[in-house]
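The sequence and structure are shown first, and the description follows.

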Amino acid sequence: MALSRPDKLLIGLGVAALLLLGKIFYIQILNGKYKRDASNNSMVYSTIYAPRGIIYDRNGKELVTNKVSYDIMVTPREVKAFDTLELSIVLDTTVEYIRGRMEYYHEYRSRIGYQTLTFLKRIPVESYMRFCECEYRFPGFSSIIRSDRNYPYDAGGNLLGYVSEVDQNFIDKHPGEYKSGDYAGKTGLESMREAELRGEKGYNIYLRDARNKIQTSYKDGEYDIPAVPGKDVITTIDAELQSYGQLLMKGKTGSVVAIEPGTGEILAMVSSPGISVDQLADIGKYYNQLVRDKNKPMFNRTVMASYPPGSVFKLINGLIGLQEGVLKPEYEYPCNKGYVYSGSRKLGCHAHASPLNLWDAIATSCNGYFCYVLRNILQNSRYGSIQEAFGVWRDYVLSFGFGRKLGSDFPSELGGNIPTADYYDKIYGKRGWKFPTIVSLSIGQGEIGATPLQIANLAATVANRGYYYIPHLVKDSKEIQIDSVYKTRQYTMVDSSYFEIAVKGMYMAVNGGGKAGGTALVGRVDGLDICGKTGTAQNPHGKDNSVFICFAPKDDPKIAIAAYVENAGFGATYACPVASLMVEKYLTGQITRPDMEERIKNTVTTRQ
């Protein structure tokens with residue numbers, strides 16, 4: 001028999017009532033969460049901050065660890081009248097500080113709302129213990145234990161980065177992940193691997209009485225949530241090499257980047273002047289001083305500075321010339337202290353034997369020779385115009401990792417600059433420029449800009465005879481797997497066979513053997529077979545910049561390195577000794593040239 005409309009209505013109401021009663025039973029009897037929320041006035045949620053993950057070097061040395069830190073927190077909306085003098089004595093601070101903070105909270109009460117804020121950071125354990133004994137007398141105030149960063153080894157302040165309290169802007173950019181009073185990595189590895197390093201917060205729930213005094217754990221801790229420690233990070237850095245590089249670069253402005261060619265792993269990454277680990281440990285104290293420093297210690301030159309690469313760039317032009325068929329290593333070109341173009345204009349060069357072949361031109365860093373090389377590349381009859389040939393040249397250069405970000409896993413990496421034909425068209429008009437207009441590109445000057453990371457990657461590329469792995473700072477481990485892109489070979493557009501020609505020239509630059517000598521003989525170390533190339537890059541703000549790239553050993557490269565020292569003159573003067581000393585230290589563990597080491601350590605080139 002079919003149900004009437006009133007019967008259907010009654011059945012529907014009955015089902016709805018049963019569902020409602022079931023929901024009420026679940027909320028009030030079965031689900032403790034709602035009961036806990038309802039009795040929040042008698043409960044205290046004590047946040048447990050997870051210890052951040054440890055950062056290790058490639059050999060297991062601890063670069064960043066944790067130490068216990070004590071902070072005092074305040075929820076201004078919950079603060080009631082209290083004895084300011086008593087609190088100042090308990091916390092070992094001043095009455096004026098407390099009053100100043102309370103006035104600030106009152107002025108911005110609408111914006112603050114019910115947030116819990118940090119009142120005092122890193123108080124001594126004695127102050128923490130005193131506060132714990134009388135916390136109930138100061139409603140709205142609480143204490144927390146968190147882990148602070150500790151630096152057992154002085155290896156790379158700019159590289160490691162710092163951790164600090166998040167601000168509202170950071171909270172807004174990471175909705176639901178952070179709240180006021182939380183800390184996060186802001187720069188360097190701490191920022192890059194924040195998601196893994198930070199761990200997950202937990203909390204304990206306590207009951208309190210009418211006087212705000214903690215009585216006992218709620219439900220014997222049944223609803224407490226433990227913190228989950230952050231994951232450890234194993235870096236590619238060699239702490240000893242990093243520290244040694246910092247020692248050599250002290251008092252100098254510039255960068256040193258060392259790479260393991262066979263993996264792309266970054267062995268050292270020195271930016272100088274930089275942040276010391278002592279400053280990292282208390283960044284709040286030193287932040288304003290660091291920001292105001294005219295030498296910009298917070299500016300990570302290794303990945304952010306765009307420099308003219310200078311003569312090390314000649315290697316690329318030579319390799320492109322070989323690939324394009326407009327150059328053979330036995331070709332000789334004259335150089336009478338420079339290259340004459342546009343009638344009487346001259347791009348100068350130092351005195352050396354002439355004419356030279358390609359090997360000797362690399363070894364002695366002849367400017368004139370590589371002007372001929374780039375001229376032949378751009379005036380190649382295979383192409384209909386110099387603009388077309390220039391576009392091909394640029395594609396070659398980009399394949400070496402210049403003019404774009406390499407894609408390193410380090411934050412804030414910039415891409416430098418390789419000009420385009422359109423750029424010159426805008427300046428000189430279409431077909432209004434020829435090779436003489438851009439002759440400075442022959443020797444790595446003009447509109448070319450490169451980061452020290454890109455320049456070091458060039459050394460690794462030549463060491464590998466034509467390919468590189470994207471430079472990176474984090475190694476595979478049980479807890480963290482790196483992206484497969486860092487394990488993939490990146491090939492240049494130049495055949496590997498031509499690289500042996502460049503390698504021979506670089507070997508002669510350091511070890512001699514050609515008719516013109518070598519510009520990097522000061523970097524020679526018996527038994528290491530170092531291959532290198534000096535560079536001297538013009539600097540509009542002072543003395544020339546000193547540049548040097550190298551790798552070793554010649555036939556089984558274990559390290560490739562670039563040193564860039566601002567306002568330091570010839571490449572052989574400072575950059576070459578810095579790089580070759582680091583190579584020797586890394587490969588042998590000792591230094592056989594103590595006089596050179598002392599000279600470099602004691603030299604100051606940074607403007608005071």
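A nonpolar core is here a set of buried Ala, Val, Leu, Ile, Met, Phe, Trp, Tyr and Cys residues joined through side-chain atoms within 4.5 Å. The model examined is a predicted one.

**Nonpolar cores**

By that definition, the largest nonpolar core comprises 113 residues, and the most contacts inside it belong to Tyr369, Leu378, Phe390, Trp393, Leu473 and Ile549. Another core, of 33 residues, lies apart from it and has Ala258, Leu267, Ile530 and Leu581 among its members. In soluble globular proteins, nonpolar side chains tend to be buried together. When residues up to four places away in sequence are not counted, Trp393 touches Phe313, Asn317, Ile320, Leu374, Ile377, Leu378, Ile418 and Leu441.

Strand β11 spans residues 254–260, and seven of its seven residues are buried, so the strand is largely enclosed by the rest of the structure. In a regular strand the side chains alternate between the two faces of the sheet. In β11, Gly254, Val256, Ala258 and Glu260 point one way, while Ser255, Val257 and Ile259 point the other way. The pairings of β11 are set out below.

| β12 (residues 265–272) | antiparallel | seven | Val257 and Met269 |

**A helix crossing**

Helix α15 (residues 314–324) and helix α21 (residues 499–511) have axes that come within 10 Å and cross at roughly 145°. This crossing of α15 and α21 is right-handed. On the α15 side the contact is made by Leu315, Leu319 and Leu322, and on the α21 side by Phe499, Ile501, Ala502 and Met506. Of the residues in the contact of α15 with α21, seven are nonpolar, none is polar and none is charged.

**Leu117 in strand β4**

Leu117 is located in strand β4 (residues 117–120). Its relative accessibility is 13%, and because buried means under 20%, Leu117 counts as buried. Leu117 and Thr75 are 42 residues apart in sequence, yet their C-alpha atoms are 6.3 Å apart in space. Leaving aside neighbours within four places in sequence, Leu117 is in contact with Ile72, Met73, Val74, Pro76, Tyr105, Ile112 and Ser180.

Definitions and conventions. Residues numbered from 1 in each chain as written. Predicted model: local features only at pLDDT ≥ 70, side-chain atom pairs only at ≥ 80, totals over all residues. Heavy atoms only, no water. Buried < 20%, exposed > 50% of the residue type's maximum accessible area, 1.4 Å probe, protein only. Helix = DSSP H or I, 4+ residues; strand = E, 2+ residues; numbered from the N terminus. Pairing = 2+ DSSP bridges. Contact = heavy atoms within 4.5 Å. Axes fitted to C-alpha atoms, helices over the stretch in contact; angles between N-to-C directions. Left-handed = near helix turned anticlockwise from the far one by under 90°. Nonpolar A, V, L, I, M, F, W, Y, C, P; charged D, E, K, R; others polar.
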